[in-house]
Amino acid sequence: MINGKTEGIKQNILDELELLYEAQCPRGEFLTQELADALAKYSCMLNREISIFLSRSGNVLDISIGSEDNVSLPVMRKRRGTLGLSGVRCIHTHPGGSSHLSDVDVGTLLSARMDCMAALAVADGVPKSLCAGFIGESLGEAVFAGPFFIRRLPNRFLMEEIERATRRVADLVRTQATEEETERAILVGLSCTQAEMDELALLAQTAGAESVAQFVQDRPRERGLYIGRGKVKEISLAVSALEADLAIFNDELSAIEARNLEEQLGVKIVDRTTLILDIFARRAKTREGRLQVELAQLKYNLPRLMGEGLALSRLGAGIGTRGPGESKLEMDRRRIRRRIYELEGEIEKLALQRGLRREQREKNNVPEIALVGYTNAGKSSLLNAVSDAGVYAEDQLFATLDPVTRKVQMPSGKEMLFTDTVGFIHKLPHDLVSAFRSTLEEANRADLLLLVTDLSSPEAEKQSQVVREVLEELGAGDKPAFRVYNKADLVQDVPENTRSAFCISAKTGQGIPELLAAIEARLQPKMAEVSLKLGYQEGAKLAQLQKCAEEIRVEYEEQGISVWAKLPEIWVKRILGQ
């Protein structure tokens, strides 16, 4: 079978090309004159590149036809990661061009770990010269031989070069066997800003991938393919040239889009939602966090199992639905639904336990402050600065997933509770918000929100808008809140629109005393004065008054106990029922 771009080529020519599968290079011979002549003949006839793949024994494994300027090598790209060399050499034509290897040629050689990548210059139906590339002293370096005139091709030398490359790569693989290979990612965006692409690059880095290129297209979304076909072709060439392992897209892809892109690009396809879920899966430490991430992943994957729709259903009624039993797709779908039900039940139990702890705190009338904001705004660093909490805080996205609550001593000596919450981000997956709803409701139940924003970020206002939108979705948009701009030590001139907010630095402590004083003043309870007489049998009520009162005077008289106290109104109602 002839692979590649065969559209428009007469069937008799394809049949003639298929006969080349019967050709064979004798052991020890790199390329026969007969095979070189045949490649030149058909390449010039079609004015297209033609590639053949040869095994170590000289058998023809694959023949592919490309366009006039390139030939796709999707099969060989999937061989990346095998130990040593692949055992296959590729020889492809350059019609009317030079025999020098292109960046795409070299990228394919390195990513597929091929025995050799050779380019055969052809013109007027005749092979002219050949250049060959081999993996060099590192897995990311190539060495070259040629150009050689095809009539004086040094077959023995080229086969010896393959043997030398085999030994080099075997040594390199053994040396690096214990090292984890970093995935190389190409980032793709549609009608987005450079700031959004930079954020996508940070997400990729957080997930453990190295960004090697970015592509942005400003056009409407292409149905079934996300981006235009021309851009897909451009990215496909870059995948080979840059040895990319995956392509990361800045939006959520449908199942059809992901499948089509994977077929066209020949690498793993990851959308923004999958990337964020992967980061959350890496960072979740507590049992509740892990359950919430698993729930979000299953909710995201469930509709993608249903991509074939009714075509695969055997549980319906009527013509076309009868069959031997339940399909594998339906079994997988049912298992996922059952697991989702189980996870929701477990998360609900944990939420009830957290609710009991919250009720206990409310009984003690301890004010609660929730730190909310964009990811990497410095919420955990602020919590550490005011409480010595020792919470993990690094300059990376989603460093905190599980809510952390710590007591903080305020300037007056009173204690309040500060809770660090998971950060928000642009295009935060809906399934993630849904799964983490019980955790995010810490913000909804707090007495005061600190909306923490990275002052040094050029996208500070857009990030603040994202935070406000998520809070609205959670029903916490009307909660009392202070706007807090962190990382003020990184900014020389404070913007005019931040004058009414608090500018602090969790790193240096700048502005934190003023912030704590303002929080305490805002949460100062409304006070009430009470005068009453208690019987000597009401010692428990007197003890409660003494515990909660700001000021208290007690006189023991013959008929009972006279008490004057100044205390928060809420405690007057709780203790005295007034």
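Here is a short tour of some features of this structure. It is a predicted model, where local features need pLDDT of at least 70, side-chain atom pairs count only at pLDDT 80 or more, and totals for chains, interfaces and linings use all residues. Residues are numbered from 1 along each chain as its sequence is written, and side-chain values use heavy atoms, with hydrogens and water left out.

**Strands 8 and 9**
- Strand 8 (residues 183-190) pairs with strand 9 (residues 209-217) in the parallel sense over 8 bridges; two strands pair if DSSP finds at least two bridges between them.
- Helices (H or I, at least four residues) and strands (E, at least two) are DSSP runs, numbered from the N terminus.
- Ile186 has Ala213 in strand 9 as its bridge partner.

**Helix 6**
- Glu196 sits in helix 6 and counts as buried because its relative accessibility is 18% (buried means under 20% relative accessible area, exposed over 50%, partly exposed in between, with a 1.4 Å probe and protein chains only).
- Leaving aside residues up to four places away in sequence, Glu196 touches Asn250, His426 and Lys427 (contact means heavy atoms within 4.5 Å).

**Backbone details**
- Most residues other than glycine have a negative phi, and most peptide bonds are trans.
- A cis peptide bond, with omega of about 10°, joins Gly146 and Pro147; Pro147 lies in strand 7 (residues 142-149).
- Asn47 has a positive phi near 55° and is found in the loop between helix 2 (33-46) and strand 2 (50-55).
- Asn47 is partly exposed, at 47% relative accessible area.
- Tyr226 also has a positive phi, of about 70°, and counts as buried at 0% relative accessibility.
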